[in-house]
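Please read the following walk through one protein chain with the model open beside the text.

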Amino acid sequence: MREFPNPEDQMEVLCRGCEKILTPEELRQKLAERRPLRVKLGVDPTSPDIHLGHTVALAKMRQFQDLGHTGVLILGSFTAMIGDPTGRSVTRPQLTKEEVLANAATYQEQAFKVLDFERTEVVFNGDWFFKMSYEEVLRLNSLVTMQQMLQREDFRERIERGHPIRAHEIQYPIMQGWDSVMVRADVELGGTDQLFNVLVGRDFQAHQGQPLQVAMLMPILVGTDGTQKMSKSLGNAIGVTEEPEQMFGKIMSIPDSALRQYYELLLGETLDPNAHPMEQKKNLAYRIVARFHSHAAAKAALDNFVTRFSKRDLATAELPKFTPPPNLSTTALSLTAAAYESCFGLTPSRSEIRRLIQGGSVQWNGKKLTNPNATISITDGGVLKLDKIRAVRIIPQKS
RNA sequence: GGGUAGGUUCCGGAGCGGUCAAACGGGGCGGACUGUAAAUCCGCUGGCUUACGCCUUCGCAGGUUCGAAUCCUGCCCUGCCCA
């Protein structure tokens with residue numbers, strides 16, 4: 001049996017960065033029991049990737065693990081199909097069982113970039129919810145009131161605006177609460193927006209005669225737009241599996257105003273108010289890339305960033321290579337379209353590319369191409385800049 | 001079940017027989033500036049086309065008309081009030 005550090009020392013580490021703890025006193029008491037606490041974090045595999053926003057709570061769980069506690073990672077194989085209505089003004093699209101399970105697999109793998117495998121229990125809430133009878137569901141429902149459920153900000157707002165709330169949506173907090181009972185959670189981690197759901201868990205535990213879980217809520221990380229919560233569906237997320245270059249770039253593009261928050265939530269550090277924001281951002285980007293890839297990758301990404309964007313030296317920068325197929329017409333339009341597709345997997349319509357070119361986005365060796373139909377005489381190593389952040393190096397096919 | 005108001009392009013929201021690929025705002029993208037920041041200014045924002053132009057879109061299906069997002073019929077969906 002492992003020796004746990006003294007509860008007060010643990011408190012010091014664990015409370016750091018938390019926005020809200022209900023209640024610190026309860027946590028202290030649990031720590032004083034000197035046993036491994038069961039620390040719950042529920043994630044819904046609604047999309048296959050996790051992003052930096054998710055890692056905030058994962059990192060907190062890791063801190064618990066490093067102190068000897070047990071992380072209980074609940075993959076919401078069932079709840080993902082319902083969709084958490086938290087912070088939503090629209091009903092979530094429901095996923096199929098297959099989609100959810102596939103997502104769960106990759107999700108799990110990614111979570112272990114942060115978590116300690118040895119001290120993690122992974123469970124699927126479908127294990128109990130898929131088996132529940134209607135009768136049991138009703139019984140569970142009778143434990144809460146409609147008014148409690150509808151008190152939630154997001155529901156209230158929808159009611160006010162005349163937007164529909166489907167009956168299944170109010171089940172979400174109920175299910176999340178039941179999860180806590182099923183895993184006998186001592187602590188539940190989540191973002192501040194999870195307060196309501198976590199409290200339902202406490203009610204259920206009380207009802208079942210279990211000790212109440214402590215709620216530890218982390219601030220919500222904003223996305224690359226610096227305003228809204230990081231979320232894949234809002235398109236402002238930085239995924240943990242993104243390529244080093246891309247990850248680095250996205251971090252560089254966050255507004256300065258979000259920098260402090262990123263430092264606190266991702267690095268657990270306070271920002272030096274005297275340092276230049278850009279330098280701090282580079283430091284942040286470097287460390288995040290190093291965390292999810294490697295120091296070598298981070299160094300390379302930094303160097304390339306400096307060459308490409310600070311020195312604006314596309315000629316020597318590391319760029320994706322593009323070899324135009326032999327039968328491809330060498331007009332600006334066709335070449336750009338092919339480069340987007342083969343190097344970035346993007347398939348903008350030809351009209352869209354035409355507009356980009358006419359708008360001056362596309363450059364060939366530093367010169368704007370404004371005529372979509374102009375023919376480009378390809379040279380070995382020539383640089384085709386597609387837009388603000390994308391460029392490719394042309395390598396003609398050897399004949 | 002009854003009454004009533006609605007369903008428009010990513011979102012909000014105009015349009016109410018031709019001049020509508022559809023005002024305006026937001027968001028997004030691009031350009032200038034810059035630190036891939038912020039602010040500001042400018043442009044773009046259905047598809048195909050070198051272009052004239054053609055094609056698909058206004059909940060769904062039919063219909064009336066030379067012509068429909070706009071009128072008619074049926075259906076589906078949503079809010080609100082009543083039960």
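Does asparagine 125 count as buried or exposed? In this predicted model, local features need pLDDT of at least 70 and side-chain atom pairs count only at pLDDT 80 or more, while totals for chains, interfaces and linings use all residues. Residues are numbered from 1 along each chain as its sequence is written, chains are lettered from A and ligands numbered from 1 in the order in which they are written, and side-chain values use heavy atoms, with hydrogens and water left out.

Asparagine 125 counts as buried because its relative accessibility is 0%, where buried means under 20% relative accessible area, exposed over 50% and partly exposed in between, with a 1.4 Å probe and protein chains only. Asparagine 125 is placed in the loop between strand S4 (120-124) and H6; helices (H or I, at least four residues) and strands (E, at least two) are DSSP runs, numbered from the N terminus. Once neighbours within four places in sequence are set aside, asparagine 125 has contacts with Ile74, Leu75, Gly76, Ser77, Phe78, Thr79 and Asp179, a contact being heavy atoms within 4.5 Å.

Phe78, one of those contacts, leads on to the aromatic rings. Seven aromatic pairs are found in a search of the whole structure; rings of Phe, Tyr and Trp (its six-membered ring) pair if their centres lie within 6.5 Å, and planes under 30 degrees apart count as stacked, over 60 as edge-to-face and the rest as tilted. The pair of phenylalanine 78 and phenylalanine 129 is tilted, because the ring planes stand at 40°, with the centres 5.5 Å apart. This pair joins distant parts of the chain, since phenylalanine 78 is in the loop between strand S3 (70-75) and helix H4 (79-82) and phenylalanine 129 is in helix H6 (residues 126-129), 51 residues apart. Phenylalanine 129 is buried, at 6% relative accessibility, and one aromatic cluster is formed by Phe78, Trp128, Phe129 and Phe130.

A further tilted pair consists of phenylalanine 248 and phenylalanine 305, with 5.6 Å from centre to centre and 45° between the planes. Here too distant parts of the chain are linked, with phenylalanine 248 in helix H12 (residues 244-252) and phenylalanine 305 in helix H15 (residues 295-310), 57 residues apart. Phenylalanine 248 is buried, with a relative accessible area of 1%, and phenylalanine 305 is buried at 13% relative accessibility.

Charged groups also meet rings. The charged end of arginine 152 sits over the ring of phenylalanine 155, 4.9 Å from its centre, and that of arginine 390 sits over the ring of phenylalanine 344, 5.8 Å from its centre; the criterion is NZ of Lys or CZ of Arg within 6 Å of the ring centre and within 35 degrees of the ring normal.

Turning to helix packing, the axes of helix H1 (residues 7-15) and helix H3 (residues 52-66) come within 10 Å and cross at roughly 165°, which means that H1 is roughly antiparallel to H3. Axes are lines fitted to C-alpha atoms, for helices over the stretch in contact, and angles run from 0 to 180 degrees between N-to-C directions; those under 35 degrees count as roughly parallel, over 145 as roughly antiparallel, 65 to 115 as roughly perpendicular and the rest as oblique. Val13, Leu14 and Cys15 of H1 make the contact with Lys60, Gln63 and Phe64 of H3.

Finally, chain A holds 17 helices and eleven strands, and 47% of its 399 residues are buried.
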